[in-house]
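Work through the exercises below with the sequence and the model at hand. Each task is followed by a stepwise solution.

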Amino acid sequence: MAAEKPAPVMVLYCGVCGLPAEYCEFGPDFERCKPWLRANAPGVYPDELLASSSSAAADVDKVGERLQGVGISAADGSTSAGNASASKQEEVKRLPGGKVKKKDKQEVVIEKIVRNKRKCVTVVKGLELFGVKLSDASKKLGKKFATGASVVKGPTEKEQIDVQGDISYDIVEFITDTWPDVPESAIFFIEDGRKVPAA
């Protein structure tokens, strides 16, 4: 007797978010999926969940609007609530899945990596955060220190400048002189796994 093959399971995918209908509530925007779920998958979620959470969301929105109107007044009489929320919204960036990405700190990190006993590479990260084109910066660094310098992708998929040789002794002064937008207080060295300010 041959064993029976199980029939394939038919999965209903949401037309809005693309997840299986059972997982829409864990997706990035459950509220947008609800009308589609009511029409196409009525048995997946109880009616109370589809209806009550939308009214609860409306209540939350009303409370949020009321809180937006209330501001904390400072000693000079100005309210700070509007300014703080505007800067927060500007700073926060949403990634897929509803995760929040924070803005990178504006800092230049210089690290010396030793390879093959005596040879070393100086890595400069973060210059692009100050509006510096990395290709131009690598050319200037290569000319100034008479070494090879190139723009490469680092382990975190961000571009960085690799300069052959140990130039950490002179690089801070060169960066602050060449690009005045980069303050010396924003330059850090990585020594023994710790971030040390250059200033």
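**Exercise 1.** Decide whether the side chains of Lys 34 and Glu 31 meet in a salt bridge or stay apart, and state how they are placed in the helix.

Solution. The model is a predicted one.
- Step 1: the criterion asks for a side-chain nitrogen of Lys or Arg within 4 Å of a carboxyl oxygen of Asp or Glu.
- Step 2: from N to O, the Lys 34 and Glu 31 pair spans 3.1 Å and is a salt bridge.
- Step 3: the two residues are three apart in helix H1, so about one helical turn separates Lys 34 from Glu 31.
- Step 4: Lys 34 has 1% relative accessibility and is therefore buried, whereas Glu 31, at 36%, is partly exposed.

**Exercise 2.** Which parts of the chain does the salt bridge between Lys 125 and Glu 111 tie together?

Solution.
- Step 1: the N to O distance for Lys 125 and Glu 111 is 3.4 Å, and their side chains form a salt bridge.
- Step 2: Lys 125 belongs to strand E4 (residues 119-125) and Glu 111 to strand E3 (residues 108-115), so the pair links parts 14 residues apart in sequence.
- Step 3: Lys 125 is partly exposed at 28% relative accessible area, and Glu 111 is partly exposed at 22%.

**Exercise 3.** Classify Asp 29 and Arg 32 by accessibility, and give the distance of their salt bridge.

Solution.
- Step 1: Asp 29 and Arg 32 form a salt bridge with an N to O distance of 4.0 Å.
- Step 2: buried means under 20% relative accessible area and exposed means over 50%, with partly exposed in between.
- Step 3: Asp 29 has 32% relative accessibility, which means partly exposed.
- Step 4: Arg 32 has 55%, which means exposed.
- Step 5: the total by this criterion is five salt bridges.

**Exercise 4.** How many disulfides does the model contain?

Solution.
- Step 1: a disulfide requires two cysteine sulfur atoms within 2.5 Å.
- Step 2: the count under this cut-off is zero disulfides.
- Step 3: for Cys 17, the nearest cysteine sulfur belongs to Cys 24 and lies 3.7 Å away, and Cys 17 is in no disulfide.
- Step 4: Cys 17 is partly exposed at 28% relative accessibility, while Cys 120 is buried with a relative accessible area of 13%.

**Exercise 5.** Which residues form a nonpolar patch on the surface with about 330 Å² of accessible area together?

Solution.
- Step 1: the patch consists of Val 9, Val 11 and Tyr 13.
- Step 2: Tyr 13 is placed in the segment before helix H1 (30-40).

Notes
Residues numbered from 1 in each chain as written. Predicted model: local features only at pLDDT ≥ 70, side-chain atom pairs only at ≥ 80, totals over all residues. Heavy atoms only, no water. Buried < 20%, exposed > 50% of the residue type's maximum accessible area, 1.4 Å probe, protein only. Patch = residues over 30% accessible without salt bridge, like charges linked within 9 Å, V, L, I, M, F, W, Y side chains within 5 Å. Areas by Shrake-Rupley, 256 points an atom, 1.4 Å probe, with all protein chains shown as cover. Helix = DSSP H or I, 4+ residues; strand = E, 2+ residues; numbered from the N terminus.
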